[in-house]
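The structure comes first, then the notes.

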Amino acid sequence: MKTDFDAIVIGAGFAGMYMLHRLRQAGFATRVIEAGKGVGGTWYWNRYPGARCDVESVQYSYQFSPELEQEWEWTERYATQPEILRYANHVADRFELRRDIRFETRVTRATFDERENLWIVETDRGDRLVSRFVITAMGCLSSPNTPKIAGLADFAGAVYHTGNWPHEGVDFTGRTVGVIGTGSSAIQSIPIIARQVRRLTVFQRTANYTIPAHNAPLDPDYVQRAKATYRDMRARARTKPAGIAFDINPVPAVETPEAERNRIYETRWTYGGLGFIASFSDLLLNDDSNKTAADFVRAKIREIVRDPATAEILSPRNIIGCKRLCVDTGYWETFNRPNVTLVDIGDEPIECITSTGVRAKGKSYDFDCLVLATGFDAMTGALLRVDFRGRGGATLRDAWREGPKTYLGLTVVGFPNLFTITGPGSPSVLTNMLPSIEQHVEWIADCLEAMRANGRTVIEATEPAQEAWVGEVGKSASITLRSTCSSWYVGANIPGKPRVFMPYIGGLPAYIQACEAVVAEDYRGFALS
Ligand code: N01
């Protein structure tokens, strides 16, 4: 069989773009296949009002090119979606990536031919491409979840999903709007939508924790300092569990007197952002410690939200940081607006959607538009949308029937020469995605180069190695509170999805060490031929 490419990469977000660049540098014939009309992945699709990154812009950026770091100028502490998309486009232009990307094409099936040890990749445009390697770069939160609420198709107005927002934007001026969901996407968009609409109604199933962003334009002096010290900052970030250079207080909350504890929470709240959860060392390990942080945030909600009944509904009762912590600009304050109503559907799901609106708790709410801020089929959704067939025609869907199983989050037994960037079983969504992506891309590229140098053409994880890694992922999840609630980390948001904590929670440094040890021991746990 004639090969068209050494490697086919699926997806042209930050992972796919860097993978292409790195493989091209190493002289591998590479083709990226991308469903969208442009690069950017998450930042191409998630164009809802208020979309921005919750990792500070100077950290949420590539580090592989010092020249790129120096020439790009971030303008805000937390970059907006349009700015990040401009950055992605700049990278695509600067490294001339587009000529090897096929846009507006979706991979539908990939089949491993065991006689020739090649992948046959099929697309919705009728392509049939033959490649030695397939590398998925499809993102962890890229398969939008549209809940099966009865009557959704009957709604006469417009329905928008935050994860697939119209590119031309939506003008909500003077309209009545219902938002379903109160995750990060809702928490970012609700304050902005509320300012435009005549009336906004928010349907909340689970109250969520959010910390103020205190976003602001970046002072040019700060940017210059950041640019001058990028190497140090990146090295420091690499020593942190989340790959983000913020300080983790090494002291446990339970051992800290209440007044001192609240002073520390106040300092972190005033600074803003995800670092709040690093106020103490044990917040995600100990229920009592976690409760001190949760109580602090609940007190803030009561302080900000004027109506006590609304404040009570908005106050989360679960573990703080168990679901992904949110970062907002004016979320709680929005519920003081006279044009905003909160409907608690925690105890009773939405009954149905009608042609005019939503029926919940025996009451009808009429809307011009509905916004589904209902999240994603996380981590496995995008991968399982492609019909992967490995050895013996076995499907990935079958291999993962009881939950995803991988070796290092990078490879799957029975699927030779297939690599999954930020796949389940890797730190991915628990970290700053950019450094995690870069680490995976570099590991894969180094692996392909080593194989070429040694005249090897097939690599596959072995069953014992995969079992051991799956055990490690499960063991590390069991010691934190993060695995204890109904989050998308465990697939709880998708009916019927196996309940398994999907990312590796042992932290980026331990994970990098594990990946490097495998290489140092001549790709321990892999069969190479
Ligand atoms: O999705 P989510 P998201 N009826 O799954 C509710 C990243 N992200 O798009 O909690 C009623 O968090 C659901 O309720 P419940 C970030 O990692 C990052 O907001 O399941 N409600 C929940 O409230 C984030 O964690 C940024 O009870 C229903 C909401 O919909 C991840 O993406 C910005 C429902 C979904 O929340 C996902 O965030 C945005 C139903 N049938 C997102 N089904 C950054 O800042 C679901 N819900 C980088």
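Lys475 is exposed, with a relative accessibility of 53%. Exposed means over 50% relative accessible area, buried means under 20%, and partly exposed lies in between (1.4 Å probe, protein chains only). The model is predicted: local features need pLDDT of at least 70, side-chain atom pairs count only at pLDDT 80 or more, and totals for chains, interfaces and linings use all residues. Residues are numbered from 1 along each chain as its sequence is written, and side-chain values use heavy atoms, with hydrogens and water left out.

**Salt bridges**

Lys475 meets Glu472 in a salt bridge, side chain to side chain, at 3.7 Å from N to O. The term requires a side-chain nitrogen of Lys or Arg within 4 Å of a carboxyl oxygen of Asp or Glu. Glu472 is partly exposed, at 28%. Both residues sit in helix H15 (residues 463-478), three residues apart, so about one helical turn separates them. Helices (H or I, at least four residues) and strands (E, at least two) are DSSP runs, numbered from the N terminus.

The structure holds 36 salt bridges. Among them is the pair Arg22 and Asp446. This pair links distant parts of the chain: Arg22 lies in helix H1 (residues 14-25) and Asp446 in helix H14 (residues 433-453), 424 residues apart. Arg22 is buried, at 15% relative accessible area. Asp446 is partly exposed, at 37%. Both belong to a network of salt bridges that also includes Glu449 and Arg452.

Another pair is Arg389 and Asp387. Arg389 is partly exposed, at 28%. Asp387 is partly exposed too, at 21%.

| Salt bridge | N to O distance |
|---|---|
| Arg22 and Asp446 | 2.9 Å |
| Arg389 and Asp387 | 3.0 Å |
| Glu472 and Lys475 | 3.7 Å |

**The sheet**

Which strands form the open sheet, and in what order? Five strands do, in the order S7-S16-S8-S9-S12, with parallel pairing. Two strands pair if DSSP finds at least two bridges between them. Strand S7 (158-161) and strand S12 (340-344) are at the edges; each has a single partner strand, so one side of each lacks a neighbour in the sheet. On average, neighbouring strands of this sheet are turned by 20 degrees against each other, direction ignored. Axes here are lines fitted to C-alpha atoms, for helices over the stretch in contact, and angles run from 0 to 180 degrees between N-to-C directions.

Strands S8 (residues 176-180) and S9 (residues 199-204) run parallel and are joined by five bridges. Gly178 stands opposite Thr201 in S9.
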